[in-house]
Amino acid sequence: MEKVYVVVDFLLTHKVIFSALIISVILTIRRFTLSKIRGDIPFVSEDQRKWMSRTKNGAFTVIVLTLFILWKSEISEFALSVTAIAVAIVVASKEIILCFTGSIQRASSRSFRIGDWIEVGTLCGEVIEHNLMATVIQEIDLHHGQYHYTGKTATLPNSMFFTYPVKNLNFMKRYVYHNFVITVKEFVNLYPLLPSLSDRIEEHCEDFIDVARRYNYVIEKHAGVDLPGPEPHIHITSATTGEQIVHFMIFCPTDRASHLEQQIRQEFMVAYHSHYGEKKSDTALD
């Protein structure tokens with residue numbers, strides 16, 4: 001027992017060594033816990049990411065609290081000695097303070113959680129981790145209508161939440177309002193093509209339209225707004241230079257949006273060539 005007292009007294013006397021020992025033990029436990037949560041699987045599930053984030057945040061909190069208790073007297077003396085330059089310290093640590101308050105703002109507003117798709121500024125992605133200082137997202141190519149992971153990981157300082165609005169795109173993980181356009185250079189009457197083209201689009205959507213209607217209703221009920229609906233929409237506008245722009249909007253499974261767009265583009269090209277290409281050929285023969 002005397003040896004224990006001697007060891008404890010030695011560690012309390014040499015706080016630097018004690019601090020390094022505490023950090024090493026906690027980090028070793030954290031690493032072991034993370035390896036157990038992850039296992040040997042190549043892809044991490046959403047629940048695993050949540051527990052990994054909790055483990056990292058918990059380990060960080062324990063380290064900070066333990067070191068604060070251990071160095072409490074030294075911190076108090078230091079705080080008294082820097083009273084005169086407190087304003088300078090606040091100014092110098094402005095970004096760090098903003099990151100902490102941004103984390104509090106995120107937690108209080110519940111704007112997103114791990115696994116959600118979010119858009120902050122020009123960055124879009126799935127949240128894979130968040131802590132007191134930053135939020136980590138797996139980037140998704142939403143701006144080009146592909147809805148797939150780019151392989152890039154972006155770390156967003158929590159201070160960005162005061163500069164840019166945070167858009168929660170979580171409902172887009174399953175179904176999405178996919179918009180795209182086709183530009184027709186020649187000014188011809190495209191409206192005769194629309195009925196048959198709408199029928200062809202509905203045929204492509206037959207296998208999921210019932211699920212889409214139910215999911216659309218769930219989103220409307222949750223958001224409390226009247227959404228466009230799951231049926232395909234087509235309308236035509238004109239550009240300032242005379243081209244006609246055909247706008248398409250479909251409510252479809254996110255992972256099939258790009259493929260359906262290509263099918264619809266093909267249907268339009270075939271219908272356009274069949275209707276107007278033959279007329280041009282007859283005119284040329286005449």
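Mentor: A salt bridge is a side-chain nitrogen of Lys or Arg within 4 Å of a carboxyl oxygen of Asp or Glu. The structure holds 8 of them. Keep in mind that this is a predicted model: local features need pLDDT of at least 70, side-chain atom pairs count only at pLDDT 80 or more, and totals for chains, interfaces and linings use all residues. Residues are numbered from 1 along each chain as its sequence is written, and side-chain values use heavy atoms, with hydrogens and water left out.

Start with Glu129 and Lys56. Their side chains meet in a salt bridge, at 3.2 Å from N to O. This pair links distant parts of the chain: Glu129 sits in strand β2, Lys56 in helix α3, and 73 residues separate them. Helices (H or I, at least four residues) and strands (E, at least two) are DSSP runs, numbered from the N terminus. Glu129 has 18%, so Glu129 is buried. Lys56 has 23%, so Lys56 is partly exposed.

Helix α3 covers residues 46-70, which is 25 residues. From first C-alpha to last, α3 reaches 36 Å, close to the 36 Å expected. That expected span is 1.5 Å times one less than the number of residues. Its buried residues include Lys50, Met52, Thr55 and Ala59.

Now move to helix α7. Arg200 and Glu203 both lie there, 3 residues apart, about one turn of the helix. The side chains of Arg200 and Glu203 meet in a salt bridge of 2.6 Å, N to O. Arg200 counts as partly exposed because its relative accessibility is 34%. Glu203 is partly exposed too, at 42%.

Asp207 comes next. Its salt bridge is with Arg256, and the closest N and O atoms are 2.7 Å apart. This pair also links distant parts of the chain, 49 residues apart: Asp207 is in the loop between α7 and α8, Arg256 in the loop between β8 and α9. Asp207 is exposed, because its relative accessible area is 54%. Arg256, at 27%, is partly exposed.

One last point concerns shared partners. Salt bridges join Arg200, Glu203 and Glu267 into one network.

Note on methods:
Buried means under 20% relative accessible area, exposed over 50%, partly exposed in between (1.4 Å probe, protein chains only).
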